[in-house]
Amino acid sequence: MKLGVCYYPEHWPETIWAEDARRMVDMGLSKVRIGEFAWSRIEPSRGEFDWGWLDKAVETLAVQGLEITMGTPTATPPKWLIDAHPDILAIDAAGAPRGFGSRRHYCFSSQTYLKESRRITESLAARYGTHRAITSWQTDNEFGCHDTVESYSENARLAFRLWLEDKYKTIDALNTAWGTVFWSMEYRRFGEIDLPNQTVTEANPAHRLDFQRFSSGQVIRYHKAQAEIIRRHASKADITHNVMGHFNAFDHYILGRNVDILTWDSYPLGFLDQAWWKEADKQRWMRSGHPDFAAFHHDLYRGCNQRWGVMEQQPGPVNWAPHNPAPRAGMAALWALEAAAHGAEYCSYFRWRQAPFAQEQNHAGLLYPNSEIAQGGVDAAAAGDILSQIDLSQQTTHQAPIALIYDYESKWLFDIQPQGAAWHYEKLCFMFYTVLRRMGFNIDIISPDAPLTGYKLVAAPSLPILPETFLNRASKAGAHVLLGPRSQSKTRDYQLMPRPNSLEAVLNITIPRSESLRESVKIPINMGLSAAHACIWRDLVETASDNTAVIARCTDDYPAFISQGGLSYLAVWPDKGLIKSVLTHVLNTCGLPQLWLPKDLRVRQFGGLKFAFNYGSKIIHLSQLYPGADYIYRTDKLGPANAAIWR
Amino acid sequence: MKLGVCYYPEHWPETIWAEDARRMVDMGLSKVRIGEFAWSRIEPSRGEFDWGWLDKAVETLAVQGLEITMGTPTATPPKWLIDAHPDILAIDAAGAPRGFGSRRHYCFSSQTYLKESRRITESLAARYGTHRAITSWQTDNEFGCHDTVESYSENARLAFRLWLEDKYKTIDALNTAWGTVFWSMEYRRFGEIDLPNQTVTEANPAHRLDFQRFSSGQVIRYHKAQAEIIRRHASKADITHNVMGHFNAFDHYILGRNVDILTWDSYPLGFLDQAWWKEADKQRWMRSGHPDFAAFHHDLYRGCNQRWGVMEQQPGPVNWAPHNPAPRAGMAALWALEAAAHGAEYCSYFRWRQAPFAQEQNHAGLLYPNSEIAQGGVDAAAAGDILSQIDLSQQTTHQAPIALIYDYESKWLFDIQPQGAAWHYEKLCFMFYTVLRRMGFNIDIISPDAPLTGYKLVAAPSLPILPETFLNRASKAGAHVLLGPRSQSKTRDYQLMPRPNSLEAVLNITIPRSESLRESVKIPINMGLSAAHACIWRDLVETASDNTAVIARCTDDYPAFISQGGLSYLAVWPDKGLIKSVLTHVLNTCGLPQLWLPKDLRVRQFGGLKFAFNYGSKIIHLSQLYPGADYIYRTDKLGPANAAIWR
Amino acid sequence: MKLGVCYYPEHWPETIWAEDARRMVDMGLSKVRIGEFAWSRIEPSRGEFDWGWLDKAVETLAVQGLEITMGTPTATPPKWLIDAHPDILAIDAAGAPRGFGSRRHYCFSSQTYLKESRRITESLAARYGTHRAITSWQTDNEFGCHDTVESYSENARLAFRLWLEDKYKTIDALNTAWGTVFWSMEYRRFGEIDLPNQTVTEANPAHRLDFQRFSSGQVIRYHKAQAEIIRRHASKADITHNVMGHFNAFDHYILGRNVDILTWDSYPLGFLDQAWWKEADKQRWMRSGHPDFAAFHHDLYRGCNQRWGVMEQQPGPVNWAPHNPAPRAGMAALWALEAAAHGAEYCSYFRWRQAPFAQEQNHAGLLYPNSEIAQGGVDAAAAGDILSQIDLSQQTTHQAPIALIYDYESKWLFDIQPQGAAWHYEKLCFMFYTVLRRMGFNIDIISPDAPLTGYKLVAAPSLPILPETFLNRASKAGAHVLLGPRSQSKTRDYQLMPRPNSLEAVLNITIPRSESLRESVKIPINMGLSAAHACIWRDLVETASDNTAVIARCTDDYPAFISQGGLSYLAVWPDKGLIKSVLTHVLNTCGLPQLWLPKDLRVRQFGGLKFAFNYGSKIIHLSQLYPGADYIYRTDKLGPANAAIWR
C-alpha cells in the first residue's frame with residue numbers, strides 16, 4: 001500500500017512547491033492528488049486558459065517521482081459560468097435555487113452543465129492525458145456531498161419523464177406499478193408526471209423510489225461522461241472517484257463498476273461525532289473514531305470494486321462536525337494500517353498543508369499553515385516507516401468467510417416509508433457488522449446481486465427486495481443465509497410482496513403483518529446467555545406451534561428467531577443481547593468458531609498476516625486471545641493508537 | 001348499532017367483488033362506504049365518464065343487501081384537472097403551492113374548484129341519487145387533513161376581504177375591533193387587507209382569529225355546496241361527512257348542523273402515539289389506545305349532532321403514526337362496543353382489504369391483501385356477534401348529568417397567543433374529561449352556545465370568550481358552573497375583556513392579571529387529600545381576605561379555587577391532585593356521588609345498560625365496584641380487551 | 001436619575017390625557033416618550049398630515065412639566081406606503097419578502113425607504129424641533145428587533161457591492177482577503193458578488209463577516225440620516241436610540257458614537273426565560289431576573305456612550321417570552337435603582353397603561369387597561385419616592401478597576417464558524433462578568449479599541465481579532481491583561497492569524513491548533529480549591545516543560561492557564577471552578593482583594609455610595625460582608641426585592 005496526500009498548489013506561492021514535493025517524498029508519500037476545485041485558475045474566463053501554473057506544478061511533483069492523481073474541477077464551476085448559465089444550478093425540494101458561493105452548485109440533469117463539464121474535462125485530459133507522472137484521474141469530487149444528488153429542477157423533471165418512459169414503456173404499466181388508482185393519482189401520459197416534491201402529504205412511495213433510482217442514475221451518467229473523455233486521452237491511467245462515508249443517495253455498486261479503482265474519504269472523528277452512536281461511545285472514541293467505522297467502509301467499497309483506496313484520510317481535527325477534537329497521537333498512522341489490512345492500494349491524507357483562509361481554515365493538514373509539521377505529518381511519516389518495515393507486497397485480500405449484504409435500494413425504500421420512527425437501516429447493518437468483528441471475523445460487504453460462492457454465512461440484516469435468485473444462489477454456494485426483519489416484504493415496484501413468499505415457504509411460516517414499537521418498549525426473548533429483547537420492529541410471524549424451526553420466541557409467544565437447514569430468519573429488530581445470541585447460533589451452524597474481543601480491540605486477517613488495532617486509551621494484552629503469535633511488528637502489549645502484526 | 005366497512009372496488013379485480021360482498025355480510029357488516037377518491041376512474045378525462053364499473057360495484061353490494069354510503073371524490077382532483085387549472089391548488093403560509101401527487105391538493109377558496117366540485121357531485125348524485133341501496137352520502141373526505149383548512153392563495157385573500165367587509169361593514173369598525181392603531185396597522189379600505197402570513201413578527205391576533213373564522217367558514221361553505229346538490233338528487237338519503245380526532249381547524253359544531261349525521265374516523269393507537277401523552281402512558285396503552293380518546297370524541301361529536309357514527313375504525317396497525325404497533329386482539333371489537341355505548345348509529349371499519357400499493361400499503365384492513373382474514377376481521381366478526389346477542393334497539397342515549405364545554409374559537413384564540421408555552425387547551429379539557437370518567441360519569445361535550453337545561457354540572461375547563469348569556473342560562477337550568485383559568489378573559493374581537501366582568505362580579509373578586517409558568521414550577525395548594533399544585537398558568541386573583549368563597553389558596557396566598565352558590569372558578573392550571581380535589585368539591589356540591597375506577601377500566605351508561613371496558617393487559621374484577629350487577633354480556637371477571645354489559 | 005414612562009396617547013381617548021399626565025407627575029415621573037409607531041395617525045394617507053392630536057398630546061404633557069422624548073415613527077411604515085412601494089420590504093435569507101402586518105417591515109438598504117424616512121422625520125422635526133418640552137428625540141425603535149438587520153434584497157445586494165468596492169478598491173484585494181482561490185470562488189469584478197445566502201453549503205466566512213459588517217453599517221447609516229435632520233431642527237435636544245438586550249447584529253459601540261445618549265430596553269424576566277441559563281436558575285430568578293442581566297447591559301451601554309439610560313423598563317409580566325411570570329413585588333423599583341447605581345440618566349417604564357388590543361395586549365403597564373394602578377405603578381412610585389429621599393446629584397460614575405472586553409465582531413465571527421457546537425461567546429463573557437460581580441467588583445465593559453488607562457485588570461474572555469496595539473496599550477496603562485481561549489486566532493480578513501503571534505511571543509508558547517469538545521467531556525485541571533475543568537474548547541498549547549509561566553495544566557499535560565508579567569492567558573473554556581481560580585489568581589496579581597457574595601446579592605459602588613440589591617426570595621444580612629456601613633437607605637437586613645444604600 002502506498003501513501004499519498006491531497007495538494008492544492010494554487011493555494012501557495014510557486015516558490016515553495018519544490019520544497020513541498022521534496023518533503024512529501026521524505027515523509028514517505030508517493031502519491032499526490034491535485035486539480036479538483038481549480039477551475040477558476042485553469043480557465044479564469046470563458047475560453048481563456050491558464051495552463052502555466054498547472055504545468056509547473058505537475059512538473060515539480062513529477063520531478064520528485066511522485067505519482068499524480070489529476071482531478072477534474074467540476075465540483076466548483078466558476079462564477080462567470082454560473083452567471084452565463086443559471087440553469088446549471090440545482091433546485092431544492094422547496095423550489096429554491098442552490099446558488100454560487102460554496103461548491104457543488106450544479107444540477108446533475110443540467111444539459112448545459114453536462115456539456116460544460118465535458119468541455120473542461122476534454123481540455124484537461126487533452127493536455128495531461130499522457131503525462132508520465134499522472135497515473136490516475138479523479139472525476140469531480142464527492143458526488144452528492146451536501147445533499148446534491150437530488151435536484152428538483154425543470155431539467156430534472158424532463159429527464160425523469162424520459163427515464164420513466166424508457167423504464168415502463170406504457171403509462172398503463174407505470175400506473176399499475178405505482179398503484180396510482182389509489183387517491184386518483186393516475187396519469188394519462190408521461191408528460192403529466194412531476195417530481196415527488198411539494199405534495200400536500202407524502203408522495204407515492206413508488207414515485208419516490210423511482211425518483212431516487214433516476215437521481216442515482218444521473219450521477220452515474222454524469223460520471224461516465226467524464227470517464228469516457230479521460231479514457232480517450234489517458235488510456236493507461238486509472239479512473240477513480242472519491243466517495244464518502246455513511247452516504248447512500250446513489251448506488252455505489254454501480255459507480256464501482258464504472259471506475260478502475262474506487263476511493264473514499266475517511267474521517268473517523270467527524271463521523272463519530274455526527275452519526276447515531278450513543279453519547280458514551282462518542283466520548284469513549286472521541287480521539288480514535290468508532291473502531292468499525294473505517295473498516296465497514298473499507299469492506300463495503302471493496303465490495304464495489306476489488307481495487308480500492310482511501311483518497312482522503314483525516315489527519316487531525318476537522319472543521320465540519322458539531323465538535324472537532326484532536327485525534328490521539330498515532331491515530332492517523334493506525335487508520336492507514338487499518339486500510340492496508342483491508343487491502344487498500346493506497347491511503348492519501350487530506351491535506352498537505354492547512355489553508356489559513358476560506359471555509360476549511362479549521363481543517364488540519366499534515367503541515368500547519370506556516371509549514372511546520374503537524375501531528376498528522378508525524379503520523380503519516382510513522383505510517384510510511386512501518387509500511388517500509390513490513391512487506392505487504394506478497395499479501396492479498398482473501399475472501400472472508402462471512403458476507404454482509406448492504407443494499408442502497410433498501411436504504412432508499414426504508415427512508416421513504418420507515419413505518420417506525422426508530423427504524424434505521426444503516427444502524428442495523430452496522431450492528432451486525434460490529435458484533436461479527438468483535439467475534440474476530442473478516443467480513444465482506446457485498447451487493448445482494450453479488451456472487452455468493454465461497455461464503456459460509458451470508459447475513460442480510462434486512463433485505464426488503466429479495467432478489468429472486470438469492471436463496472437459490474446461496475443454496476448452490478453452500479452458504480447459510482441469515483435474513484433480518486422486513487426481508488422480502490416488498491416488490492421492486494414498492495408494493496407489498498405477495499404471500500406466501502419464498503421465506504415463508506421455506507420455513508413453513510406466515511408473516512402476515514408487522515409492527516413498529518416506541519424505542520422505550522423492549523420485549524424479552526429467552527435466547528442465549530445474556531438478556532435479549534426485541535425492540536423497534538417485529539414481523540409478527542404465525543406458524544404451527546410444533547414448528548421446530550422456531551428457535552426463540554418473544555414473551556407473547558411470537559417467534560423471534562427461526563432457523564432450519566440453510567436458512568435463518570430473525571423476525572425482530574434485536575438489541576445487542578439478541579444479536580449476539582443469534583449470530584452465535586448461526587455461526588455455530590456454519591462451523592465458524594468465535595472470539596469476543598475487548599471493546600477497543602479489532603483484528604483483521606490480510607493474506608497471511610494478522611493485524612490488531614487498539615482504538616482505546618489503555619494498553620491491551622493480545623497473548624490471551626492470540627497465544628504464540630509470531631510478531632513482525634510490535635508485540636502483544638498493544639498501546640493506545642498502536643497496531644501489531646503477526647503471521 | 002350497525003357495523004360497516006370502507007371498500008375500494010376500483011383497487012381490486014371485478015371478479016372478486018361479489019365474494020367480497022358475501023363475506024362482508026357473513027362477517028356481520030351491513031354498511032359499506034365507497035367512491036371517495038375515485039375521481040380518476042369515474043372521469044378519466046374531462047367530460048369522459050366511466051360509470052360502468054361503479055354501476056356494477058354498487059349493484060354487487062346492493063344485491064347482498066348492504067347499505068351503501070357514496071362518497072364524493074373531491075378530496076382527490078385528478079391530474080388533468082390540476083394541469084388545466086393550477087389555481088385549484090392551495091398555497092402554504094410560506095407562499096409555495098401545495099401540489100399534485102398525494103391528496104387534498106385544493107384551496108377551499110378556489111372558485112374554479114368549487115365549480116368543478118359541484119360538477120362532479122352533480123354527475124354522481126344525478127346518477128345514484130335514487131338508488132335503493134345508497135342510504136347515505138359523504139361529502140369529500142376528512143376536511144382539513146394534512147393542514148389543509150388554511151390556504152394563503154390570492155383566491156383566499158380576495159374572499160377574506162369580502163368576508164371582512166360583510167362582517168364589519170365599515171373599515172373603521174374593523175380598525176377599532178382589531179386595534180390597528182397599534183403599530184400603525186390601520187387600513188383605509190378592505191382592499192388593503194392581506195392574509196396574516198409572512199409578517200416580520202406575529203400578526204395582529206384579531207386579524208389571525210378572523211382569518212381562522214373565515215377559513216373555517218370556507219370549509220362549511222364548500223361542504224354545503226355539495227350537500228345542496230346531493231339533497232336535490234337524493235332527498236331520502238342521509239348526508240354526512242367524516243371528521244377526524246384531535247382536529248380543530250374548523251368549527252365542528254357548525255358542520256354538525258349541516259349534516260344529517262356526523263361521522264368520525266377513530267384511530268386510537270395512531271393518536272396515542274402522536275399526541276401529548278406521557279411516555280409511560282404511551283407504553284401502557286400502546287395496544288389499546290388511551291381509554292378516553294375515542295370516548296371523548298364520541299361525546300364531542302354527539303354534541304355536534306345527536307345522530308353520529310364512526311365512519312373509519314382502526315382495524316390493526318396503521319401506517320401514519322411515528323410508531324405503529326398491533327392492537328391487542330379484541331380491541332377492534334371493544335372500540336365498536338364503546339361506540340355503541342355512546343350511542344353511535346354505526347361503526348364502520350377502515351378498510352376492507354389492505355392495499356398492497358401506494359401510500360397506505362402498511363395500513364391494516366379486515367383482510368390481508370391476499371384476502372385471508374386479519375385480526376381486524378376477526379374482531380369485526382366478534383363485534384357483530386356480540387351486537388346480535390344483545391338487544392340495543394330499545395336503548396337510547398340519555399342526557400349526562402355533566403356537560404363539558406369544548407369550544408373551537410377558544411382553541412384558535414389560545415393557539416394564536418398562548419402567552420405560556422405549556423398552555424394546551426385540548427389537554428386541559430381532556431384532563432377534566434378523563435378525571436370525570438375515572439369517577440364513573442357519563443359526560444356530554446357541548447358547545448358554549450348549547451342549551452344547559454338538565455345538567456347538574458357544567459364544566460368549562462377554560463372559556464376565554466364567555467357567551468353573554470352563559471351564566472344566566474346555567475342559573476336558569478339549575479346547573480352548577482365550574483369555570484377554569486382564563487375564562488372570560490377576552491372579547492369576541494380578541495381584546496382584553498373589560499373589568500369587572502361577570503365572573504368577578506359574582507364572586508366578588510378581581511382578576512387584574514395572570515402569569516404563565518415554566519413547566520418545572522409547581523406551586524403547592526392545600527386542598528383535598530392528595531398533593532395539589534398550580535402549574536403552567538395562574539390568574540392572579542385579588543379579593544378581600546374574608547371572602548368566604550375562596551376555598552383554596554396557593555402558598556403565596558393567591559386564591560386558587562373559589563366557589564359560591566352556583567359558580568365555581570378554578571383560577572390556575574391544575575395538576576392531577578388539584579383537579580381531583582376541585583371536581584370532588586363541585587360534584588359534592590351538585591350531589592353527584594363519585595367512584596374512582598382502576599386506571600384501565602372505563603364504564604358508560606347507555607339507556608338502561610351499563611358497559612364496562614378493559615383497556616389494560618390484566619383481568620379486572622368488577623364486583624367490588626358494581627356489586628350485584630345483572631350481566632347480559634360476560635361477567636365481573638373482565639379480561640384484557642373485553643367488555644361486560646349489565647342492566 | 002429621572003424616572004419616565006412610554007405613552008401612546010393615540011391609543012386612548014383625548015379626554016383622559018390630562019388626567020394621565022397629572023398621574024404621571026404624581027407618581028414621580030418626569031419624562032415621557034411618545035410618537036414612535038404613530039405614522040398612520042400622523043400621516044393617514046400620503047401627504048395628508050394630521051398634527052392636531054399630536055399637538056394636543058404634546059401640549060397636555062408639557063403643561064404638566066413633563067419632558068418629552070419624541071420618537072420618529074419609522075419602525076412602522078403604514079400600509080399605503082408599502083402598497084405604493086413594495087421595494088421597501090426586507091427579503092429573508094430564503095428569498096421571501098417580510099411583509100406588512102406587524103412592524104419593522106423595511107429593508108435598511110431600500111433607497112425608497114431611506115427617502116421616506118427622511119421625509120417623515122423632516123416633517124416631524126420641523127414641527128416639533130423647537131418645542132420647549134421636547135428635550136430628546138429617539139430615532140425609530142429597537143433597530144434589528146425580530147432579526148431585521150440583515151436583508152437579502154436586490155437593494156442590499158447592490159449596496160453591498162458598492163461597500164465592498166469602497167473597502168477593497170480592487171477585486172484582487174478582495175480575492176486575496178477572502179481566499180477565493182479556495183473552491184474556485186474567485187470574482188473578476190465587484191458586480192459578480194452576491195449576498196452569502198442560498199449557497200449549497202456554508203458560504204465563505206470572510207464573505208459572511210463582511211456582509212455582517214455591511215449590514216451593521218447600513219443600520220448606522222440609516223440612523224444618521226434621521227439624526228442629521230433632527231439635529232438641524234432641534235439643535236438643543238438629545239438624540240437617542242433605544243437598543244435591546246442580548247442583541248448583537250449591529251455594532252452598538254458605533255451607534256453609541258452617533259447618539260447624544262444611548263438608551264436600552266430592559267426586560268429581565270423575559271430574557272431569563274428565553275436565554276441560555278440553566279433550568280434551576282430560570283426557576284430561582286423567575287420573579288427577579290438574573291441578578292447580572294441588567295447590570296451587564298448597563299455596563300456595556302455605558303461603554304458605548306458615557307451618557308445612557310433605560311428607555312423601556314419591564315413593569316410586570318410581558319407577552320413575548322415562552323413563559324411570562326409576574327415579577328416579585330418591588331422588583332420594578334429595584335431595577336430602577338440598579339440602573340441608578342450604574343449611572344443611568346433616567347429609567348423609563350414601558351408602558352403607561354396596558355393596551356387591551358393587538359399584539360401586546362398581555363404586556364403589563366404601570367396601569368391596568370381600566371386605569372387602576374398595577375404593581376408596576378406601585379413600584380414606579382416607590383422608586384420615585386426612594387430617589388427623592390437620597391441625593392444622587394453629587395454622585396458620578398467612577399472608572400471601575402476592571403475592564404471586560406466585549407466585541408461585536410468577535411460575536412459575528414464565532415457565529416459564522418463556531419467550530420464547536422457549544423461555543424457561545426456571550427455566555428463566556430457573561431460567565432466572566434458574573435463571577436467578577438460575585439467577587440464584589442464594579443466592572444466596565446468596553447470595546448477592544450477603547451482606552452485602557454486607569455484599569456488594573458483588562459479581561460477579554462475571547463478576542464479572536466486582537467487589535468495590533470492592544471497589548472501595548474495595556475502595558476502602557478499598567479493594566480494586567482487576561483485573554484481567554486481563541487484570542488488572536490484570526491486576522492481582520494477572517495483568516496488564521498499567522499504564527500507566531502504576539503501572545504505566543506510574549507509567553508514563549510506555541511498554539512498550533514485547537515479542539516472543540518462535546519459538552520459531556522470535562523477535562524480535569526489541578527488549580528485552586530474547587531474542582532476545575534476544561535470543557536467545550538481547548539487551545540492546544542505547546543511549550544517547553546520548564547516554562548514557569550504555565551500555572552495550571554490539564555491532566556493530559558496541555559497547559560490550561562499561563563501567566564507571566566502583565567499577561568495571563570486562559571487556553572481553555574473554563575467551568576465555574578476554573579474561572580474562579582483563574583480570576584482569583586489574576587486579581588491577586590493585580591492587588592485587587594475579592595469578596596464572595598451570596599448567590600442572590602449584588603453590590604455596586606456609585607460615586608461615594610454603595611448599593612446592595614437582593615434578587616432572591618429570602619432576607620440577606622449585609623453586616624458580615626460590609627460591617628459598619630453607614631446606611632442612608634434601609635439597613636443591613638435586606639429583604640427580597642429590596643435595595644440598601646450606604647456611604
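In this predicted model, B:Glu142 sits in the loop of chain B that runs between strand E4 (134–138) and helix H6 (154–168). The backbone of B:Glu142 has a phi near 45 degrees, which is a positive value in a residue other than glycine. B:Glu142 is also buried, because 20 other C-beta atoms lie within 10 Å and a count of 20 or more is what makes a residue buried.

A second residue with such a backbone angle is found in chain A, where A:Tyr494 has a positive phi of about 60 degrees although it is not a glycine. A:Tyr494 belongs to the loop between strand E12 (480–483) and helix H18 (502–507) of chain A, and with 27 other C-beta atoms within 10 Å it is buried.

| Cis peptide bond | Omega | Loop holding the second residue |
|---|---|---|
| B:Phe350 to B:Arg351 | about 5 degrees | B:Arg351: between strand E8 (346–349) and helix H14 (375–389) of chain B |
| B:Arg499 to B:Pro500 | near -5 degrees | B:Pro500: between strand E12 (480–483) and helix H18 (502–507) of chain B |

Turning to the fold of a whole chain, chain A has 19 helices and 25 strands. Its radius of gyration is 26 Å, close to the 26 Å that the globule rule gives for 647 residues, so chain A is as compact as a globular protein of that length. The C-alpha trace of chain A spans about 80 × 70 × 40 Å along its principal axes, and 59% of the 647 residues of the chain count as buried. Among the contacts in chain A with a separation of 6 or more, 71% are accounted for by residues 24 or more positions apart.

Chain A is divided into domain 1 (154–207), domain 2 (402–590) and domain 3 (603–646), and the C-alpha centres of domain 2 and domain 3 of chain A lie 33 Å apart.

Leaving aside neighbours within four places in sequence, A:Val458 is in contact with several residues, including A:Ala403, A:Ile405, A:Leu452 and A:Val481.

Where chains C and A meet, the contact takes 40 residues from chain C and 51 residues from chain A. On the side of chain C that touches chain A, helix H8 (205–233) and strand E13 (510–516) of chain C each supply at least two residues, and E13(C) gives the most, with 4 residues. By class, that side of chain C has 17 nonpolar, 14 polar and 9 charged residues.

Where chains B and A meet, the contact takes 51 residues from chain B and 40 residues from chain A. Helix H2 (39–42), helix H4 (79–84) and helix H11 (279–284) of chain B are the elements that give two or more residues to the side of chain B that touches chain A, a side with 22 nonpolar, 19 polar and 10 charged residues.

Notes: Residues numbered from 1 in each chain as written. Chains lettered and ligands numbered in written order. Predicted model: local features only at pLDDT ≥ 70, side-chain atom pairs only at ≥ 80, totals over all residues. Contact = placed C-beta atoms within 7 Å. Nonpolar A, V, L, I, M, F, W, Y, C, P; charged D, E, K, R; others polar. Rg over C-alpha atoms; globule rule 2.2 N^0.38 Å. Buried ≥ 20, exposed ≤ 12 C-beta atoms within 10 Å, placed from the backbone. Domains from an automatic or database assignment.
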